[in-house]
Every structure is written in C-alpha cells, then in structure tokens.
Amino acid sequence: MANVTVIGAQWGDEGKGKIVDWLASRADAVVRFQGGHNAGHTLVIDGNVFKLSLLPSGIVSGTMSMIGNGVVLDPWALRDEVTKLEGQGVRIDDDNLAVADNCPLILPLHRDLDGLRETAAGSGKIGTTGRGIGPAYEDKVGRRAIRVCDLAHLDDLDSQLDRLCAHHDALRAGFDQPPVDREALLAELREIAPFVMRFAQPVWKRLKKVRKAGAKILFEGAQGVLLDVDHGTYPFVTSSNTVSGTAAAGSGLGPNATGFVLGIVKAYTTRVGSGPFPTELNDEIGQGIGERGHEFGTVTGRQRRVGWFDAVIVRQTCSISGVTGIALTKIDVLDGLETVKICTGYRLNGNVYDYLPSHAGDQAAVEPIYEEMEGWSESTVGARSYADLPANAIKYIQRVQELIECPVSLVSTSPERDDTILMRDPFED
C-alpha cells in the first residue's frame, strides 16, 4: 500500500479539497505539511458544504488528522474553524486531531505587518491574504518565532519576546505604528493556550507509529507549485515551499514515506491576486468559465482570474514535484464550449519557449501558443466512469496527458465526493 502526497500543480484553487476528502475516506491519517489558514478547501458531502482553511480535509470524514510542523498556526483561527465545524456536526477532539508542538504561531502582530505592507505597496502589492503567513515564516527563519510548545511555558517567554518585539517594533515604527503591546499579547496567548494544548503533541512521533503499523498516510499540500517560494512566479508567491518534497520536512517523516505524488490540476487555469498569467482570458469566454466554475476564493472571496489550460506550466510543475499522476478537476465547467484551447508553448522576443522563464519581466511578457480542439455539447456532470464522458472530452483529457507528460489518475466531474472517475488508484500503486 502506497502513501499519497497531494499537491496543487497550478496556482492553487485546483479542487484539492474534494480530492483530498475523497482520498481521506480511504486513508488512515491525513497530515497538512505547509502553509497556514491562507489555504482554502471546499468539501461538498451529500449536499453539505464544509469550508476549511487550516484543518486537514480528512477531519470531516473522521480520519485521523494532523497539522505538521511545516504549517504556521494561527491559534485563534484554529479555534474558530473547530467551533464552526463542530456546529456543522463534525466531531473534533484530541483523538482525531493532532497539532505539532513545534509549529510556529501566527500572532496578531504578524497580521498587522502583513496588512501594513500590502497597503503601503499600493499597485505593487503581492496580493497576500493578509493573514500574517509571510511575516510568521520570516520570524521562524529569523529564529524569533513563538511556537506551540511555548504556550506551556508562557512565564519563561521574556527573552523570546525581547527578540520578537525588537524586530517588530522597528518595522512598526517605519509605518508610524506604536510598539507591540507585550502585556496584551501575553494575555491573548494565556487565553488561547489551553485550547491549543489539548491537541499539541510530537506529530512526527505519532506519524512514525502510524506508519510502523502499516497504515495509509495522506500528505495534504496547500496552495500550488506556481506559488512555491522557490519555483513559483516570484515574487507573486506564497512564503513556503509548496512542492511535494516539503511533505517530508513539514511532517517529520523521511522522503521515502511520501509515496505516490498526486498533482491536482484544473481543466482550465485560474489564479487569485497579482502576478503573471499567460493564458488569462479577459473576455466573455473567461467570464463564462468563471461563472460556471464559481471561481471565487474560499478564503478571501476574491474573484479568480480565469484562462485556458496551460500545458507548459503544468508539465513544468509536474516535473519539479515528481508528480506520479494527476487528478483533473472541473472538466464539467468546459461543457458546452464550441472550441477549447490548450497552451503548448510561449513566444518571447522572437523565441519559442517550452517552459516558463524565471524572471518576472519575462513571465509577464510571454505570449501563449495555442492548440485548438473541438469542444463537446454533452454534459459531463456527475460522470463516474470513463465511458460516460463525451468523445471530445476524452480526446481533451488524452491530449492533456500527452502535453504534460504525466498520466491522469482521477477525473472529477462535480464538487460531490462520489462524482469521481478513478483510472489509477494512488493508494494501490
């Protein structure tokens, strides 16, 4: 039995929530390994909608769920999300949820700094969610973070607060803001500590026990490879590594444990916020796809930018992340289009590129080269076998496979969990 690592192979919002939930119902444990509550996963189960940002998607199906050390944790957001899901009838306790005790915390001062920077940047803003993710990762790397384990030792926090506040007070002064109110921060931490510590434990140790027992582990990534801080469209990226290799470092299990790498890929392309987008459609076709696909961010509510499927960037992300197979989502959104286009290359300064260059200026300047295919008028909604798909939809899927040089393992035909065509079982690979 293989473990499975799930990553987004575009700019995020590929439909990971549904796929992870579908896989989680067949796994024994699910672990988040990077990002924070800037993620947005929507699950639709028997008509009930669950929106997750921080909790692993397996929590809804009752699968043992863990937040790994690679995640930056907003403890107040965790409490809000747990409370909301419990209100929807989901059981959450220390038996089915574990939080790594070495997770760095996102504090109010991180949210403040995130917002101040974005406001000051004006038209040059990155387009962050404003939730403090980047500043929290900065403090982690700068070795001044407060971590989950520190919540059990708040009386011994003075030296850490000295380092943290010295850094942030200087930054805040540059924005004409007052220094950090240390006493207020400590009071907030004392109030939230009992809630978080219910779930705190060495997640690496629990994962080791689960793996030793022969259980199936699902590693759940957030965002997408094109938002990776190294391999994405820098600087319009997130603050963590979103590639599959992060699953090992961000969970505490070695790289030989991460197993089958499933890349989630939308049948077209979207992104939220600023940054290059070679196949973006600023016309009625793009608007129609966005409306049919309900393309609004789960976390921010911002309207997503929409474009044709870009085989160049997906081939690139599949290579960078060692993707074994892809899950193609939202094929049903393309139903009814007379023609569909796939980007097969770029033109830049008279040259043809089969990859996305690293320089931000080049990324913004590339022109897509398209291949046009005949669309399909029949509905793919709810199809659960390959034979149920229209012939032209099958041709589209096959051409996607050829161009990205990676096989399709799953096809999703609606937001519902069971509307999934399984072509290759990641857990049996």
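R172 counts as buried, at 12% relative accessibility; buried means under 20% relative accessible area, exposed over 50%, and partly exposed in between (1.4 Å probe, protein chains only). The model is predicted: local features need pLDDT of at least 70, side-chain atom pairs count only at pLDDT 80 or more, and totals for chains, interfaces and linings use all residues. Residues are numbered from 1 along each chain as its sequence is written, and side-chain values use heavy atoms, with hydrogens and water left out.

The side chain of R172 forms a salt bridge with that of D112 (3.2 Å, N to O). A salt bridge is a side-chain nitrogen of Lys or Arg within 4 Å of a carboxyl oxygen of Asp or Glu. R172 lies in helix α5 (residues 158-174) and D112 in helix α3 (residues 108-121), so the pair ties together parts that are 60 residues apart in sequence. Helices (H or I, at least four residues) and strands (E, at least two) are DSSP runs, numbered from the N terminus. D112 is partly exposed, with a relative accessible area of 36%.

## Other salt bridges

The whole structure holds 19 salt bridges. D155 and R190 form one of them, at 3.1 Å, N to O. D155 sits in the loop between α4 (133-141) and α5, while R190 sits in helix α6 (residues 182-197), 35 residues apart. D155 is exposed at 64% relative accessibility. R190 is partly exposed at 41%. Shared partners join D13, K266, E295, R304 and K330 into one salt-bridge network.

E14 and K16 also meet, at 2.8 Å, N to O. Both E14 and K16 are buried.

## R315 and helix α10

R315 belongs to helix α10 (residues 311-320). The side chain of R315 reaches the backbone oxygen of D354 at 3.1 Å. A polar atom of that side chain also lies 2.7 Å from the backbone oxygen of L403.

Seven of the ten residues of α10 are buried. They pack against elements including β13 (325-329), β14 (339-348) and α12 (391-404); contact means heavy atoms within 4.5 Å. At the start of α10, a side-chain oxygen of D310 comes to within 3.0 Å of the backbone nitrogen of V312. Just after the helix, G322 takes a positive phi of about 60 degrees.

## The sheet

Ten strands form an open sheet of mixed pairing, in the order β7-β6-β5-β2-β8-β1-β9-β13-β17-β18. Two strands pair if DSSP finds at least two bridges between them. The edge strands are β7 (200-201) and β18 (420-422). β17 (residues 408-412) pairs with β18 in the antiparallel sense over three bridges. There, L410 is bridged to L422.

Strand β2 (residues 29-32) is covered on both faces: A29 and V31 are buried on one side, V30 and R32 on the other. β2 pairs in the parallel sense with β5 (residues 64-67) over four bridges. It pairs likewise in the parallel sense with β8 (residues 217-220), over four bridges. V30 has S65 as its bridge partner in β5 and L218 in β8.

Key
A polar contact is a pair of N or O atoms within 3.5 Å; within protein, one must be able to donate a hydrogen and the other to accept it, and residues adjacent in sequence count only if both atoms are side-chain atoms.
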